[in-house]
Amino acid sequence: MPLPTPRVVALTLCLFVVGVLSLSPRVVHESRRSLPHSWAPVRRAEPRMVLPLRVGLKQSNLASIEEYVMDVSHPDSPNYGKHWTPSKVAATFRPSSEAISTVHAWLVESGVDAKRVRLSAGGGWLNANVTIEEAERLLGTEYYVYRFGSEGGDEHVACEDKYHLPEHVSKHVDMVTPTLHFDRPAKARRHTQEREAPSKASSIGQPGSGTVNPKTMGKLTTILNELENCDSQLTLDCLRVLYNFDYFPLATSKNSLGIVEYTPNAYLAGDLDLFFGNFSTSQIGERPKLISVDGGFDQTEYQGFDYNGESNLDLQYSMGLVGPGQTVTLYQVGDLVEGASFNNFIDALDASYCTYEGGDDPNEDAVYPDPYGDGGYNGTQDCGITTPTHIISTSYGYAEADLTPAYMERQCNEYAKLGLMGVTVLYSSGDDGVAGNGACLASDGSQGYYPEATGFSPGFPPTCPYVTAVGATQIVSGASVTQPESACQDIIYSGGGFSNVFPIPDYQKGAVEEYLTRYPPPYPAGTYNTSGSRAFPDLSANGAWYVVAVDGEYESVFGTSCSSPVVGSILYAINDARLAIGKGPIGFINPTIYSPYFWGAFNDITNGTNPGCGTVGFSATPGWDPVTGVGTPDFPKLLGLWLSLP
């Protein structure tokens, strides 16, 4: 019997593969329980409308990412502090050739011309322009035009409650867009003073958007810069006493603290000098180092607390605490037309992130250059334009319910990679207690308001296991600055609770289990996730009665917006001390602060709650709790412990 020729073998194999592709059953790849609040379908999408279909490929080695992060971040690890280079990160997680070839073959076999299918520069996305009709056939779904609110509201094209992929393809895919996600308008509009739809990722800088918004009690006519007044007017000196923070930097040229702002939020230079004139006179004239991302700039067209309060607060207190002559880097993200999302910022930190992690998704994140000719930024999208600072503090956030799990998981993995590179990523935990952005969750997972909705609504990115979530405390009214603080009870409530997306990481299991055992929350099933999920916040700092210069006057300001840059400034000093003796930055701090070595290095907060959804929320208790985390920093103790680590 003659042996088959190579050509016959190849043909047989090709027919076999095509047969497998054709017979592979479809499975639900991603689904959505309900529409984001205030969005509704208004009509079927036009079949000939063209979509920029993007298939995000599963990255290699993601199953080991927690192991990798713990290896360089846990104080018991022999590799503690041996952070990875960006090139090692990119090489480790690049999608496999099998993933690329499998998805490409599926698209072509399904009728998409091979010439239309393009692989992104980083190898993480397969892109093809397809019609609505083709997308519906590929994904086994139907596309609709959705509208936010009433007639004239923003419109957005998305599919129904789920989409499908062939089983053999699904295992190689993270997500497909545009599909279920409501993070971008169909066409961005120039910013106006009207509040924008809160569910858009790229509108995070708009007034009132997201889960973190500083609140004001109004103007201050008299400034009381004395320690006995810290319970009603909190200043730099109050914070220094609260956290025993007294440090003179030694490694200025090696160190860096990053503050992230999203346009139209921007600082006013005159307000910096007004603040420094009262509280740090040697810093008059100092400015942050500006890194413009996707056209970001310190705009002055729109002014007022809603446009300047956040940025002024972040920079006045971070610059004031790190002290004269220190570099605070301002990442100003997005222009006035398109805005920006967290993905747009992450893209700017490393070019590989721009191509294989979320990034330049026309459905979810801001698109640059301005595709609409509305006068926006016309430069190319900023990818890998800057090296990340050692500490990055962000006082903005979403509710988990605003986004899909796939979108959040993909972004969360980016924060893990930053941790691998030695970057500390801080996010404010939220200002509405257990209610996320003020809304709660109904039994079907949709967002609503009490009493119609009673489920607790956790925030993202604080629920990502690879960021450090910062809650808020306050000095009790009438108490001195040296007495124990409580969880913040004035004007805002510290965001905290349990994720509905991310499982609990190993580093916090012991602390969380002890809390749930000793202080079980008295709520019925379905109020919050009891399945064993990521808990937050991780630690806290004061978030009440801050004296902030805004538009030439002083205001009394509240929020976890205050807490995150304060923690960032303290960690900046710890990095400085380590760098001065030849050690590396502290990087991802969560495994360290939850370890037994650091017990007693925080001021334990045992009073207060974080109300929301018709309840008192959770309670601050001895040890870790979902209101204030492990407590507030005691700088000398933390400094000594971190200096003792390799």
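Predicted model: local features only at pLDDT ≥ 70, side-chain atom pairs only at ≥ 80, totals over all residues.
User: Is I491 buried, partly exposed or exposed?
Analyst: I491 sits in the loop between β21 (486-487) and β22, and has a positive phi of about 75° although it is not a glycine. Buried requires under 20% relative accessible area and exposed requires over 50%. I491 has 43% relative accessibility, so it counts as partly exposed.

User: What is the omega of the peptide bond from T177 to P178?
Analyst: P178 belongs to the loop between β9 and β10 (215-220). The bond from T177 to P178 is cis, and its omega is near -5°.

User: Which loop holds P461?
Analyst: The peptide bond from F460 to P461 is cis, with omega near 10°. P461 is in the loop between β19 (459-460) and β20 (468-474).

User: How far apart are the end C-alpha atoms of helix α12?
Analyst: Helix α12 covers residues 405-420, which is 16 residues. The expected span takes 1.5 Å times one less than the number of residues, so α12 should span 22 Å. The model agrees with this, as the end C-alpha atoms are apart by 22 Å.

User: How many residues of α12 are buried?
Analyst: Just after α12, G422 takes a positive phi of about 90°. The helix itself is mostly covered: of its 16 residues, the number buried is 14.

User: Which elements give two or more residues to the lining of the largest pocket?
Analyst: The largest pocket has a volume of about 650 Å³ and is lined by 32 residues, with R33, A401, L441, G445 and N500 nearest its centre. The elements giving two or more residues to this lining are α12 and β22 (497-503).

User: How many charged residues are in the lining of the largest pocket?
Analyst: The lining of the largest pocket includes 14 nonpolar and 13 polar residues. Its charged residues number five.

User: How many residues does α12 give to the lining of the second largest pocket?
Analyst: The second largest pocket holds about 470 Å³ of space, and 21 residues line it, with L62, E409, N413, F502 and P503 nearest its centre. The elements that each give two or more residues to this lining are β1 (26-31), α2 (65-73), β9 (173-177), α12 and β22. By class, the lining has 13 nonpolar, two polar and six charged residues. The largest share comes from α12, and its count is six.

Conventions: Residues numbered from 1 in each chain as written. Heavy atoms only, no water. Helix = DSSP H or I, 4+ residues; strand = E, 2+ residues; numbered from the N terminus. Buried < 20%, exposed > 50% of the residue type's maximum accessible area, 1.4 Å probe, protein only. 1 Å grid on protein atoms, 1.4 Å probe; cavity = no way out; pocket = protein on both sides within 12 Å on 5 of 7 lines; lining within 4 Å. Points joined across faces, edges and corners; volume = space filled by probe spheres on them. Nonpolar A, V, L, I, M, F, W, Y, C, P; charged D, E, K, R; others polar.
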